[in-house]
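Keep it short and plain.

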Amino acid sequence: DLPVNTPVWHQPWVYVLIVIAFIAGTFSAGIYSVVSIPASRSSEVLKGTSVPIRGKAITRKLLVTFQFIIAIGLISATTVIFSQYRLISSTPLGFSMDNMLVVHSPLVRDSLSLAKLGTLKKELTMIPGFEGATFSSVIPGKPNMYNRGGVYLYGSEPTSGKNYRVTEADASFFDVYDIRILAGEPLRGHDEADRLKVLLNARGALWTGFNTPQEAIGKKLVLENEVYTIAGVVDNFHQLSPKEPIEPQIFRLPRRYKGYLTINFENIPPGKAREEAKMLYTSFFPGNPFEYFFLDDFYNSQNLGEKRFGVVFILFSGLVIIITILGLLGLSAYTAQQKKKEIGIRKVLGASALSIFNIMFRSYLFLWAFAALIALPLTWYLIEKWLDSFALRIEPHTAFFAIPVIIVLLVALLTVWVQSGRIIKMNPVESIQAE
């Protein structure tokens with residue numbers, strides 16, 4: 001769901017949008033009365049004299065149609081945006097990120113640093129409340145910049161090589177992150193036995209040409225001019241937001257020192273976990289800063305901008321829709337007032353309240369249908385363009401567009417009924433004399 005505590009009200013542009021919405025709404029609602037009264041008759045208006053309105057029909061119809069289009073489009077877009085972000089928020093990520101403390105590898109290092117990290121991991125798991133620790137070149141939520149091309153199946157032509165993301169991770173990586181092994185087995189952490197073994201994610205296995213994860217086990221890949229054996233296939237997980245496509249990945253034991261130490265802790269406060277880890281870390285790597293973050297906060301932050309956009313858009317849409325309703329309310333009241341004499345005459349001739357309302361609402365019904373014909377294709381096109389930026393996306397169905405059209409019709413029906421009902425209930429003699 002969209003975050004409740006998103007500090008959108010701290011952003012100055014939010015207030016700019018609100019002011020623009022207010023000005024646009026009031027302008028569209030009031031321009032009709034302003035532009036349609038001739039300047040030369042302003043003295044008569046001040047005296048309370050009825051003034052003939054020029055171009056009143058076309059102006060009123062344009063304004064009502066415009067407000068119908070805006071209302072239908074905004075309600076449809078708001079529904080789609082909310083549904084899309086709910087899908088993103090509820091999608092399983094394929095890994096665990098709760099209670100994960102991530103520490104940057106030391107800046108000052110030597111040839112023994114990688115071995116020290118191995119010893120540090122073992123000692124961390126001996127601290128009460130620490131369930132596991134792993135070292136990897138990249139962690140979920142960080143873009144994997146290690147892109148290696150020219151990877152091909154051993155025995156195939158080198159020209160058949162493809163691109164993969166390469167993640168260097170120790171043997172405990174999949175256990176700590178709770179990433180499921182689909183076929184084969186994980187690396188055991190023995191440098192000699194596992195140095196030339198790799199794992200693929202399910203997307204990588206499919207990308208290589210295997211129809212099932214089991215089919216990939218035992219096959220060989222050529223990577224950086226070395227032949228590796230595929231030891232296992234792991235389930236796909238979202239390296240970045242579910243908005244981004246899952247890329248083919250290769251996992252092998254670390255050969256580079258730079259990366260991240262991830263510590264999984266349970267049943268202890270995050271602050272205590274941080275202090276315990278810091279104390280041990282600085283004893284192994286004195287003089288290095290202890291740079292850390294909690295994985296859940298970090299991973300979720302990559303979607304913060306888009307979630308803010310969703311919140312602001314929904315708030316902005318709600319404001320514009322309210323202003324649109326107010327504008328429609330004013331226009332329908334004005335129309336009912338202008339038809340006061342006609343309504344009085346019809347009532348004298350025996351017309352029922354319902355028949356009079358039907359006559360008054362008929363023109364609005366036509367404008368509503370015309371607005372729907374314009375708003376629906378335009379809204380659908382813009383929504384599709386927006387959804388194209390998501391790898392994981394909803395497919396807009398008919399209800400996303402049909403319900404807003406019905407809502408706008410009901411609002412128009414109720415608004416016109418309220419405004420015209422007051423005139424319809426008047427004594428017809430008073431209605432005629434008022435003119």
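Start with a single residue in this predicted model. Asparagine 267 has a relative accessible area of 80%, so it counts as exposed, the cut-off being over 50%. Its place is the loop between β10 and α9. The backbone is worth a look here too. Asparagine 267 has a phi near 60°, a positive value, and it is not a glycine. Most residues other than glycine have a negative phi.

Glutamate 224 also has a positive phi without being a glycine, at about 55°. This residue sits in the loop that links β7 (220–223) to β8 (226–234). Its relative accessibility is 30%, so glutamate 224 is classed as partly exposed.

Here are the two residues side by side.

| Residue | Phi | Relative accessibility | Loop |
|---|---|---|---|
| Glutamate 224 | about 55° | 30% | between β7 and β8 |

**The whole chain**

Now step back. The protein chain has 435 residues, and 43% of them are buried. It holds 15 helices and eleven strands.

Four strands form an open sheet in the order β2-β10-β1-β11, and their pairing is antiparallel. Its edges are β2 (130–136) and β11 (292–294), each of which pairs on one side only. On average, neighbouring strands in this sheet are turned by 20° against each other, with direction ignored.

Strand β1 (residues 100–104) runs antiparallel to strand β10 (residues 260–265), and five bridges join the two. Another pairs leucine 101 with isoleucine 263 of β10. Leucine 101 also has a bridge partner in β11, namely phenylalanine 294. β1 and β11 run antiparallel and are joined by three bridges.

Is β1 mostly buried or exposed? Four of its five residues are buried, so β1 is largely enclosed by the rest of the structure.

**Helices on the sheet**

Helix α4 lies across β2 and β10. It runs at about 165° to β2. Helix α9 packs on the sheet as well, where it touches β1, β2, β10 and β11. The direction of α9 makes about 30° with that of β1.

**Where the two helices meet**

How do α4 and α9 pack, and at what angle? Helix α4 (residues 113–124) and helix α9 (residues 270–284) pack at about 150°, and their axes are 11 Å apart. An angle over 145 degrees counts as roughly antiparallel, so that is how α4 and α9 are described. The crossing of α4 past α9 is right-handed.

Which residues make the contact? On the α4 side they are Lys116, Thr119, Leu120, Glu123 and Leu124. On the α9 side they are Ala277, Leu280, Tyr281 and Phe284. By type, the contact residues of α4 and α9 comprise six nonpolar, one polar and two charged.

**In brief**

Strand β1 pairs with β10 through five bridges and with β11 through three. Helix α9 touches the sheet and also packs against α4.

Conventions: Residues numbered from 1 in each chain as written. Predicted model: local features only at pLDDT ≥ 70, side-chain atom pairs only at ≥ 80, totals over all residues. Heavy atoms only, no water. Axes fitted to C-alpha atoms, helices over the stretch in contact; angles between N-to-C directions. Parallel < 35°, antiparallel > 145°, perpendicular 65-115°, else oblique. Left-handed = near helix turned anticlockwise from the far one by under 90°. Contact = heavy atoms within 4.5 Å. Nonpolar A, V, L, I, M, F, W, Y, C, P; charged D, E, K, R; others polar. Pairing = 2+ DSSP bridges. Buried < 20%, exposed > 50% of the residue type's maximum accessible area, 1.4 Å probe, protein only.
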